[in-house]
Amino acid sequence: MNVGVLALQGAVAEHIRSIESCGAKGVVVKRTEQLDELDGLIIPGGESTTIGKLMRTYGFLDAIRDFSAKKKPIFGTCAGLIVLAERISGEESAHLGLMDITVARNAFGRQRESFEIDLAMKDWDRPVRAVFIRAPIIESAGAAVDVLATYRDGIVAVRQEHLLGASFHPELTDDNSMHAYFTEMIRQYSA
């Protein structure tokens, strides 16, 4: 199983490490042609506006939309979640527009207000270690979106068919359970 990490910005090496700890091969993705070799893709955190501009510059918007149309799983974390969203609160347009959610950027405050918690997940036998850094919050989710976790009355993890999104950074901890969940999604959609 080849799982790519979009390497335009963000914690690429940390995602690669987490994916490989789950038994998959991590692939650093810098060119659109590489998507053809992948079974799944992670869009990491960073700054969503910058990631969106770089995706446009290097042709990733249409390439990732095509990847998604083939029902290949995509996991967006923090800014990657914003990039997946159909709607961004206070902005006229979105980036990929794949997931039926509305997100608000920087909902938990500035960098200095970052925090780490054990987060209860729907139908999971244990909590996930989650790091929130200038994290977005999901303000609303469509009927096809399964809410996996909430925090302070806001939605922070969701799944919509082959798409997975988290407001937090699971790659910045030793807990690889979110990446294990994602690799299991890839197995389901590859079967």
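The largest pocket has a volume of about 200 Å³. A pocket is here an open set of points on a 1 Å grid over the protein atoms alone, with protein on both sides within 12 Å along at least five of seven lines, and lining residues have an atom within 4 Å of a point. The volume is the space filled by probe spheres set on the points, which are joined across faces, edges and corners. Of the 16 lining residues, Gly46, Glu47, Cys78, Ile133 and Arg134 are the closest to the centre of the pocket. By class, the lining comprises six nonpolar, seven polar and three charged residues; Ala, Val, Leu, Ile, Met, Phe, Trp, Tyr, Cys and Pro count as nonpolar, Asp, Glu, Lys and Arg as charged, and the others, Gly among them, as polar.

The model is predicted, with local features requiring pLDDT of at least 70 and side-chain atom pairs counted only at pLDDT 80 or more, while totals for chains, interfaces and linings use all residues. Residues are numbered from 1 along each chain as its sequence is written, and side-chain values use heavy atoms, with hydrogens and water left out. Mean pLDDT (the predictor's confidence in each residue, from 0 to 100) is 93 for the protein, and 98% of its residues reach 70 or more. Helices (H or I, at least four residues) and strands (E, at least two) are DSSP runs, numbered from the N terminus.

Leaving aside neighbours within four places in sequence, Leu96 is in contact (heavy atoms within 4.5 Å) with Ile43, Met55, Leu61, Ile64, Arg65, Val83 and Leu84.

Within helix 3, the residues Phe60, Leu61, Ala63, Ile64, Phe67 and Ser68 are buried, where buried means under 20% relative accessible area, exposed over 50% and partly exposed in between (1.4 Å probe, protein chains only). Their cover includes strand 1 (2–6), strand 4 (74–77) and strand 12 (163–166). Lys71 lies in the loop between helix 3 and strand 4 and has a positive phi of about 60 degrees although it is not a glycine. Lys71 is partly exposed, with a relative accessible area of 37%. Arg134, in the loop between strand 8 (128–132) and strand 9 (137–141), also has a positive phi, about 45 degrees, and is partly exposed at 33% relative accessibility. Most residues other than glycine have a negative phi.

Thr183 is located in helix 5 (residues 177–190) and counts as buried because its relative accessibility is 2%. Beyond four places in sequence, Thr183 touches Met1, Ile19, Cys22 and Ala24. Arg159, in strand 11, is likewise buried, at 15% relative accessibility. With residues up to four places away left out, the contacts of Arg159 include Met99, Asp146, Leu164, Tyr181 and Gln188. Arg159 and Ser48 are 111 residues apart in sequence and 20 Å apart in space, C-alpha to C-alpha.

How values were computed: 1 Å grid on protein atoms, 1.4 Å probe; cavity = no way out; pocket = protein on both sides within 12 Å on 5 of 7 lines; lining within 4 Å.
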